[in-house]
Amino acid sequence: MPVALLAFVLSACVRPTGDFDRARPSVIHDDLMPTVGDGAARLRGDPVSNFNYTDDEKLLRDRGWTLIRPPWTKDWIGGTKVELARTRVLPETDGRVPPDLYYHYLRSDKFKSSNARYDKIAADASGDAKLVHPFCEVALRVKKADDERLRALRSRPVTSEEAFAGAKARVWENRVMIKWVGQALRFRIIAYKKALDGLEIETPTENRVWKVNTAIRELEGQVRIAEAGCDSENRYGQDDPVRRSRIFTGWGTERAPVQK
């Protein structure tokens, strides 16, 4: 009985969803758990801001949630971990979804054919790839606003300790959210690859593996951008911009020819 009760309590921590797996409004998840999480974060020594969210900061978290939650919505174990970390009851590092669970839930569901499981992996990977760009658009706007926030903070001759701490904490929170999305997507790729490896042994097929691998490679390209902080100019994490070679651009045209 205690085990069943614990399972019920933990499953209640999973964020409720509506149409198309969108998050539904919830007093528990929108008010109660974040309040508890802020207190837990302060006890851990993590920065906590009491600033109101900008519209883009709200949108960043809404779009980020679809990428950090488990790819399989029936995964209440992973869903619980993510929601406890999202609301800061647990540290963000404890909110990582175990990659083995995707294959477990995938093979336990009722599909009409074995090929449908392959199609599901491909559809999930492609769907994730399409969500990265909209998330990054918002992330870049938030990062730009954070730069403005810090510039304004430095330009003020006198700033209250509360405003200073709140601004620094909000920038930290935004950066952690952006970084978390990149990490979560990397774990999704591992989950998709593990599921594909398992299906190739359990229910081999000739005409689905290429489709799944193509979708995963597409997602990997988008994930590199997310891992670089959504900076498409620096998707491989290079410290300095690469200098262009004259062989490919403008070779021989940098200066006017010598006039005789």
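Is Pro204 buried or exposed? In this model, which is predicted, Pro204 sits in the loop that joins α7 to α8, and because its relative accessible area is 60%, which lies over the 50% cut-off, Pro204 counts as exposed.

Of its 260 residues, 37% count as buried. Among the contacts in the chain with a separation of 6 or more, 75% are made by residues 24 or more positions apart.

The interior of the model comes next. In soluble globular proteins, nonpolar side chains tend to be buried together. Here the largest nonpolar core has 44 residues, and the members that touch the most other members are Leu60, Tyr102, Ile121, Phe135, Leu185 and Leu219. At least two residues of this core come from each of α3 (55–68), α4 (76–86), α5 (100–108), α6 (114–155), α7 (161–202) and α8 (209–227), and the helix that gives the most is α7, with 12 residues. To see one such member in its setting, consider Leu219, which, leaving aside neighbours within four places in sequence, is in contact with Ala125, Asp128, Ala129, Leu185, Ile189 and Tyr192.

How the helices are set against one another can be followed through two pairs that share α7. Two packed helices are described by the angle between their axes and the distance between the axes. For α6 and α7, the axes come within 10 Å and cross at roughly 165°; because this angle is over 145 degrees, α6 is roughly antiparallel to α7. The crossing in which α6 passes α7 is left-handed, and the residues of the contact between α6 and α7 comprise 21 nonpolar, one polar and 11 charged.

For α3 and α7, the axes come within 9 Å and cross at roughly 20°, and because this value is under 35 degrees, α3 counts as roughly parallel to α7. The crossing of α3 and α7 is left-handed. On the α3 side, the residues that meet α7 are Glu57, Leu60, Arg61, Gly64, Trp65, Thr66, Leu67 and Ile68, and their counterparts in α7 are Arg170, Glu173, Asn174, Met177, Ile178, Trp180, Val181, Ala184, Leu185 and Arg188. Sorted by class, the contact of α3 with α7 has 10 nonpolar, three polar and five charged residues.

Ser49, found between α2 (27–44) and α3, counts as buried because its relative accessibility of 8% is under the 20% cut-off. Leaving aside its neighbours within four places in sequence, Ser49 is in contact with Gly166, Ala169, Arg170 and Glu173. The C-alpha atoms of Ser49 and Ala165 are 7.4 Å apart in space, while the two residues stand 116 positions apart in sequence.

Ser126 lies in α6, and with a relative accessible area of 18% Ser126 is buried. When residues up to four places away in sequence are not counted, Ser126 touches Ala215 and Glu218.

Which phi does Arg88 have? Although Arg88 is not a glycine, its phi is positive, at about 70°; Arg88 lies in the loop between α4 and α5, where, at 15% relative accessibility, Arg88 counts as buried. Cys230, likewise not a glycine, has a positive phi of about 70°, and Cys230 is found in the segment after α8. Because its relative accessibility is 2%, under the 20% cut-off, Cys230 counts as buried.

Note on methods
Residues numbered from 1 in each chain as written. Predicted model: local features only at pLDDT ≥ 70, side-chain atom pairs only at ≥ 80, totals over all residues. Heavy atoms only, no water. Core = buried A, V, L, I, M, F, W, Y, C linked by side-chain atoms within 4.5 Å. Buried < 20%, exposed > 50% of the residue type's maximum accessible area, 1.4 Å probe, protein only. Helix = DSSP H or I, 4+ residues; strand = E, 2+ residues; numbered from the N terminus. Contact = heavy atoms within 4.5 Å. Axes fitted to C-alpha atoms, helices over the stretch in contact; angles between N-to-C directions. Parallel < 35°, antiparallel > 145°, perpendicular 65-115°, else oblique. Left-handed = near helix turned anticlockwise from the far one by under 90°. Nonpolar A, V, L, I, M, F, W, Y, C, P; charged D, E, K, R; others polar.
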